[in-house]
Amino acid sequence: MDFHLDDLCGQPVNHLENRKQKKIRTSLRSFYEPDFEKRLAIYKPQFLIITPKAISKNIINSLLFANLNVPYRELPLPAGSGTNANNYVRELKKVLNEINKRKT
């Protein structure tokens, strides 16, 4: 099984944090959905891990437009604290075990 790490947006948006900039970030995420859809069609993923959860809607839209029925899990962004990072690692392990069981 191949693994790909891809970003929804073709440009950095995480630095956009104040109220006005968050609207721009949300718009950019929607703007880049068709590009991500094209990449999904190329990758033909068997499973997706969506991080952060805030982009789930955009990723699901891309899956729908690409006409792909792919199982996925949403994981929080492992940032801000050691607790967040530990929670992410714990959840990622569960997801990877689930993927591994699907292979057999």
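Visitor: What share of the residues in the chain is buried, and how do I read that word?
Guide: A residue counts as buried under 20% relative accessible area, as exposed over 50%, and as partly exposed in between, using a 1.4 Å probe and protein chains only. Here, buried residues make up 26% of the 104 residues in the chain. Please keep in mind that this is a predicted model, in which local features need pLDDT of at least 70 and side-chain atom pairs count only at pLDDT 80 or more, while totals for chains, interfaces and linings use all residues. Residues are numbered from 1 along each chain as its sequence is written, and side-chain values use heavy atoms, with hydrogens and water left out.

Visitor: How many helices and strands does the chain have?
Guide: Both are DSSP runs numbered from the N terminus: a helix is H or I with at least four residues, and a strand is E with at least two. This chain has four helices and two strands, in the order α-α-β-α-β-α from the N terminus on. The C-alpha trace spans about 50 × 35 × 15 Å along its principal axes.

Visitor: What share of the contacts joins residues at least 24 apart?
Guide: A contact means heavy atoms within 4.5 Å. Among contacts between residues at least 6 apart in sequence, 56% join residues at least 24 apart.

Visitor: How many salt bridges does a search of the whole structure find?
Guide: We look for a side-chain nitrogen of Lys or Arg within 4 Å of a carboxyl oxygen of Asp or Glu. The search finds four. One of them links Arg 39 to Asp 6, with 2.7 Å between the closest N and O atoms. Arg 39 sits in helix 2 (residues 33-43) and Asp 6 in the segment before helix 1 (19-31), so this pair ties together parts that are 33 residues apart in sequence. Arg 39 is partly exposed at 23% relative accessible area, and Asp 6 is partly exposed at 30%.

Visitor: Which residue forms a salt bridge with Glu 98?
Guide: Arg 73 does, and the closest N and O atoms are 2.4 Å apart. Because Glu 98 belongs to helix 4 (residues 82-103) and Arg 73 to strand 2 (residues 72-74), the pair ties together parts that are 25 residues apart in sequence. Glu 98 is partly exposed, at 24%, and Arg 73 is partly exposed too, at 30%.

Visitor: Where do Glu 91 and Lys 94 lie?
Guide: Both are in helix 4, three residues apart, about one turn of the helix. Salt bridges with shared partners join Arg 90, Glu 91 and Lys 94 into one network.

Visitor: How should I read an aromatic pair, and how many are there?
Guide: A pair of aromatic rings is described by the distance of the centres and the angle of the planes. Rings of Phe, Tyr and Trp (its six-membered ring) pair if their centres lie within 6.5 Å; planes under 30 degrees apart are stacked, over 60 edge-to-face, and the rest tilted. The count here is one. Phe 31 and Tyr 32 make an edge-to-face pair, 5.2 Å centre to centre with 85 degrees between the planes. Phe 31 is exposed at 56% relative accessibility, whereas Tyr 32 is buried at 11%.

Visitor: Which residues have a positive phi although they are not glycine?
Guide: Most residues other than glycine have a negative phi, and most peptide bonds are trans. Lys 44 has a positive phi of about 50 degrees; this residue lies in the loop between helix 2 and strand 1 and is exposed at 60%. Asn 67 has a positive phi of about 55 degrees; its place is the loop between helix 3 and strand 2, and Asn 67 is exposed at 70%.

Visitor: Which residues does a cis peptide bond join?
Guide: Thr 51 and Pro 52, with omega about 0 degrees. Pro 52 is in the loop between strand 1 and helix 3 (56-65).
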